[in-house]
Amino acid sequence: MTRWGILATGHIAARFAEDLRLVPGAELVAVGSRTAETAERFAERHGVPRAYASWAELAADADVDVIYVATPHAAHHEAALTCLTAGKPVLVEKPITLDLATSTELVDTARAAGVFLMEAMWMRCNPLIRRVCQLIADGAIGTLTGVRADFGVAGPFPPEHRMRARALGGGALLDLGVYPISLAHLLLGPPQHVRSWAKLGPEGTDENTGLVFGYDSGAVATLSCSMVGATGLTASITGSTGRIDLPEPFFRPAGFTLHRADAEPETITEELVGSGYQHEAIEVQRCLAEGLTESPLVPHSATLEIMGLLDDIRAQIGVSYL
């Protein structure tokens with residue numbers, strides 16, 4: 001049995017708690033928050049035995065095997081560091097921190113202590129996304145030439161909302177854009193050329209952002225994210241002999257369509273169960289059982305490369321959290 005603790009009590013924490021019920025061998029035993037009231041309310045709602053009024057108390061619980069950090073972006077670094085320095089394996093909600101420097105500190109801390117650390121980029125653990133990757137590796141659509149993906153929501157969000165507030169790491173890029181960027185990185189690796197543009201809101205965070213990645217292979221990724229307009233949430237992966245189309249939402253699809261040259265399109269589906277967070281929890285438990293300190297599905301190298309990309313893009317569009 002793997003005994004989980006959840007650090008934070010918001011919407012994402014609640015969805016993760018519900019999905020843990022779908023994970024064989026998982027038990028949610030503790031929750032930690034900044035206040036006793038919020039921790040106790042979450043514990044009562046989700047049937048959690050122990051509630052702590054501080055992150056440090058949760059991290060010190062000897063009966064917790066691994067902690068899921070579900071705070072807003074700006075608190076990821078402090079929360080994860082609290083857990084890692086206490087010797088606790090950590091799954092940190094994406095993006096792992098606000099910038100490459102603090103992400104690197106977490107990775108270095110985990111490696112030095114020999115403690116498991118994984119960014120919660122759940123898309124990379126999704127069974128259908130993994131199947132897409134295998135088909136591409138097997139040459140189903142030839143040599144990759146392009147990736148297109150978008151993630152936009154309509155809003156509106158008030159200025160103090162985590163999606164807008166600069167102090168909370170707001171903006172479309174880190175919250176939504178990280179998904180199209182992660183998909184492109186998963187399939188094509190780090191780009192050699194990056195161009196970006198964004199419309200900034202009055203808070204200084206990006207509202208509507210477009211990205212073009214160029215690769216020395218000749219491939220191109222065209223990506224977008226927005227919090228002022230609902231996009232299709234779809235993705236297409238093009239190769240020299242075919243294409244794979246991912247429907248809404250591309251990061252957690254119910255299926256995909258494979259187009260091969262001189263063949264009828266083939267649609268591959270899978271029943272959606274829960275909210276989709278169970279797959280990353282399953283991966284964490286597999287890694288812990290095998291004594292791994294990082295996941296091959298969401299390796300530290302990918303996390304750091306993507307954080308470096310996000311830093312570069314923020315510099316281009318003029319977004320700073322300092």
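Reader: Which residues does UniProt list for the Gfo/Idh/MocA-like oxidoreductase N-terminal domain?

Author: The UniProt record, an unreviewed entry, gives residues 3-119 for that feature. Keep in mind that what you're looking at is a predicted model.

Reader: How is the protein chain divided into domains?

Author: There are domain 1, covering 2-120, and domain 2, covering 127-275. Their centres, taken over C-alpha atoms, are 27 Å apart.

Reader: OK, how do I read the interface? How much area do domain 1 and domain 2 bury between them?

Author: The general idea first: interface size is often quoted as the accessible area lost when the parts come together. In this model, domain 1 and domain 2 bury about 880 Å² between them, and 61% of that is on carbon and sulfur atoms. On the domain 1 side, D19, H73 and K94 supply 44% of the area buried against domain 2, more than any other three residues.

Reader: How many residues are in contact there?

Author: 9 residues of domain 1 touch 11 residues of domain 2.

Reader: What about polar contacts across that interface, how many residue pairs are there?

Author: The rule finds 3 residue pairs in polar contact across the interface, both partners being at pLDDT 80 or more. Sorted by class, the side of domain 1 that touches domain 2 has 4 nonpolar, 2 polar and 3 charged residues.

Reader: Show me one. Which residue does R3 pair with?

Author: R3 pairs with D63, and their closest N and O atoms are 3.4 Å apart. That pair ties together distant parts of the chain, 60 residues apart: R3 is in strand β1 (residues 2-7), and D63 is in the loop between α3 (55-60) and β4 (66-69).

Reader: Now the backbone. Is the peptide bond from K94 to P95 cis or trans?

Author: Cis, with omega near -15 degrees. P95 belongs to the loop between β5 (90-93) and α5 (100-113). K94, you'll recall, is one of the three residues named for the buried area of domain 1. The peptide bond from E248 to P249 is cis too, with omega near -15 degrees, and P249 is in the loop between β12 (242-246) and β13 (255-260).

Reader: Last one: is the phi of A8 positive or negative?

Author: Positive, about 115 degrees, even though A8 is not a glycine. You'll find A8 in the loop between β1 and α1 (11-20).

Definitions and conventions: Residues numbered from 1 in each chain as written. Predicted model: local features only at pLDDT ≥ 70, side-chain atom pairs only at ≥ 80, totals over all residues. Heavy atoms only, no water. Domains from an automatic or database assignment. Contact = heavy atoms within 4.5 Å. Buried area = accessible area lost by both parts, 1.4 Å probe. Polar contact = N/O pair within 3.5 Å; in protein donor to acceptor, adjacent residues only side chain to side chain. Nonpolar A, V, L, I, M, F, W, Y, C, P; charged D, E, K, R; others polar. UniProt positions renumbered as here; feature names shortened; annotations may be inferred. Salt bridge = Lys/Arg side-chain N within 4 Å of Asp/Glu carboxyl O. Helix = DSSP H or I, 4+ residues; strand = E, 2+ residues; numbered from the N terminus.
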